[in-house]
Amino acid sequence: MKLPDAPLPTFNGKYENWLSFKNAFHDRIGSQADLSDIDKLHYLKSALTDDAASKINVLSVDGINYAKAWSLLERSYEVKRILISRHLSKILNLPILERESTSGLTKLADDTQQHLASLSALGVSVGSEMVVHILETKLPKHTIDKWEIGLERDEVPTLDQLYEFLYKTAVSASKRERAKSSDSERNKSEPPIKRRKFQSANQAFVANTTPNCAACKIKRHPIYLCDAFKKLTVQKRIDLVKKARLCYICLRSHNNKPCKFMNCTICNKRHNSLLHIENYTPIHKSDATQSVIVKKD
């Protein structure tokens, strides 16, 4: 008999995969009356990998051994207590999604339903409220905010409601991903000059190369807003700005491009007011955007 072209289910010896494999293999192979036991054992051996394959390696392919092989697998993997524990553990330890993606949201819903179906087949019912709570803890903040907005104040959502939300959100994420991919491809095909027309003028001021403030080393704010920076003496501020390779005028880093920031509000010279020293001499480098301030003797 020629089997359908669909691939055979496979089993690698993980307890949590046993029931789904057992049912799928029985439907495809085990229940076929026109297949001999020799054929069934041949297909069974082809479907097993890793630890599961080693269980029946010693059995030769003949009509008697198919029943033995299947019985051996059931004794090894159909241990109700272990199966229940594995599926519950899988639900509790579903991965936390870092971002809202099509694959992540879909897999979260699919895996949950698969484990719950296996538990149901084992005679175990898990409360819907508990599963909803577990899944909520796996969602990104942006996604959980959207979920909460759609609920009434005292509404206790069902698991089916959450599944529907996850699948709908996955569709929306898919559209965003496709649009982003299209924009990326379009940008690659456009000449650089054309792309620059759509760039903001503020992009001249790129972020500091260090992830945090150069003064306090803790917060991600511009150095001119840093209390620790303001508490330094002016000379130490100048030294710190020089060390961090920031512009002396705007206190940012913008890759040696001309600085459009305003002059010092105290003396109207080309340095930042936070770097103002009385009786100073500006020494301009070849880079017109920065000037080192040196106190006169």
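Predicted model: local features only at pLDDT ≥ 70, side-chain atom pairs only at ≥ 80, totals over all residues.
1. **Helices α1 and α4.** Start with the helix pair. The crossing of α1 past α4 is left-handed.

2. **Who makes the contact.** From α1, the contact residues are Trp-18, Phe-21, Lys-22, Phe-25 and Gly-30. From α4, they are Tyr-66, Trp-70, Leu-73, Glu-74 and Tyr-77.

3. **The Phe-21 and Trp-70 pair.** A pair of aromatic rings is described by the distance of the centres and the angle of the planes. For Phe-21 and Trp-70, the centres are 6.5 Å apart and the planes make 35°, a tilted pair. Phe-21 sits in helix α1 (residues 18-30) and Trp-70 in helix α4 (residues 65-77), so this pair ties together parts that are 49 residues apart in sequence. Phe-21 counts as buried because its relative accessibility is 2%. Trp-70 is buried too, at 14%; the cut-off for buried is under 20%.

4. The structure holds 11 aromatic pairs. One aromatic cluster is formed by Phe-11, Tyr-15, Trp-18, Phe-21, Phe-25, Trp-70 and Tyr-77. Its members include Phe-21 and Trp-70, the tilted pair of point 3.

5. **Cysteines.** How many disulfides does a search of the whole structure find? The count is zero. Cys-226 shows the reasoning. Its closest cysteine sulfur belongs to Cys-213, at 3.7 Å, which is too far for a bond. A disulfide here needs sulfur atoms within 2.5 Å. Is Cys-226 buried or exposed? Cys-226 counts as buried because its relative accessibility is 1%. Cys-250 is also buried, with a relative accessible area of 1%.

6. **His-115.** This histidine belongs to helix α6, which covers residues 102-121. At 8% relative accessibility, His-115 is buried. Which residues does His-115 touch, leaving out those up to four places away in sequence? They are His-87, Lys-90 and Ile-91.

7. **Where to look.** For the helix packing, open the view on α1 and α4 and find Trp-18, Phe-21, Phe-25, Trp-70 and Tyr-77, which are among the contact residues and also belong to the aromatic cluster. For the cysteines, go to Cys-226 and Cys-213, whose sulfurs are 3.7 Å apart. For the histidine, go to His-115 in α6.

How values were computed. Residues numbered from 1 in each chain as written. Heavy atoms only, no water. Helix = DSSP H or I, 4+ residues; strand = E, 2+ residues; numbered from the N terminus. Buried < 20%, exposed > 50% of the residue type's maximum accessible area, 1.4 Å probe, protein only. Contact = heavy atoms within 4.5 Å. Phe/Tyr/Trp six-rings, centres within 6.5 Å; stacked < 30°, edge-to-face > 60°. Left-handed = near helix turned anticlockwise from the far one by under 90°.
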